[in-house]
Amino acid sequence: LPLRRNAFRQHLLKQKRDEPPPPPPVQGPLARVATATVRPHAVDTLKSQYAALFQGDGPYASTPGFRGSVLLFDESKNSAQSITLWDDRAAFDALAGTDAYRESMGALAQQCFNGVPEVAEFAFAGAFFPDDGPPS
């Protein structure tokens, strides 16, 4: 019986090793999508801090290669989703490597989120709005 267990374990280990490699990083225009659970009663704080980061003198707004962002909120799940658009990975990496980014994201997470946001990256395929533009 111990031989069968060991053989089965070896079989499982081999299967794990044979998994395909992860896909290569997104090239070209990049959309980063972050989803987080928002602390109760922190939605207004999230909106105001998000605006401060992405508009005017905020660290995102002044970063070369940053193209814009959208903040979405699902009240039924107390969940927020942020979509940021970038010329390429290098543009985001330039911002992510700064102290201002780390400090502002740390403060935002501490004040507004439960847990760590989940982040996914996509190739940006386009934005499509009516002639009068996106909702404000």
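Two strands pair if DSSP finds at least two bridges between them. Helices (H or I, at least four residues) and strands (E, at least two) are DSSP runs, numbered from the N terminus. The model is predicted: local features need pLDDT of at least 70, side-chain atom pairs count only at pLDDT 80 or more, and totals for chains, interfaces and linings use all residues. Residues are numbered from 1 along each chain as its sequence is written, and side-chain values use heavy atoms, with hydrogens and water left out.

**Exercise 1.** Determine the strand order of the open sheet and state which strands stand at its edges.

*Solution.* Step 1: the 4 strands follow the order β2-β3-β1-β4, with antiparallel pairing. Step 2: β2 (66-74) and β4 (113-123) each have a single partner strand, so one side of each lacks a neighbour in the sheet; these are the edges. Step 3: on average, neighbouring strands are turned by 15° against each other, direction ignored. Step 4: β1 (residues 30-38) and β3 (residues 79-86) pair over 8 bridges in the antiparallel sense, and Ala 36 stands opposite Ala 80 in β3.

**Exercise 2.** Describe how α2 is oriented relative to α4, and name the residues in contact.

*Solution.* Step 1: axes are lines fitted to C-alpha atoms, for helices over the stretch in contact, and angles run from 0 to 180 degrees between N-to-C directions. Step 2: the axes of α2 (residues 43-54) and α4 (residues 99-112) come within 10 Å and cross at roughly 170°. Step 3: α2 is therefore roughly antiparallel to α4 (angles over 145 degrees count as such). Step 4: the contact (heavy atoms within 4.5 Å) is made by Thr 45, Leu 46, Gln 49 and Leu 53 of α2 and by Ser 104, Met 105, Ala 107, Leu 108, Gln 111 and Cys 112 of α4.

**Exercise 3.** Is Arg 32 buried or exposed, and which side chain forms a polar contact with that of Arg 32?

*Solution.* Step 1: Arg 32 belongs to strand β1. Step 2: its relative accessible area is 14%; because buried means under 20% (1.4 Å probe, protein chains only), Arg 32 is buried. Step 3: the side chains of Arg 32 and Glu 121 are joined by a polar contact of 2.8 Å (a pair of N or O atoms within 3.5 Å; within protein, one must be able to donate a hydrogen and the other to accept it, and residues adjacent in sequence count only if both atoms are side-chain atoms).

Note on methods
Parallel < 35°, antiparallel > 145°, perpendicular 65-115°, else oblique. Buried < 20%, exposed > 50% of the residue type's maximum accessible area, 1.4 Å probe, protein only.
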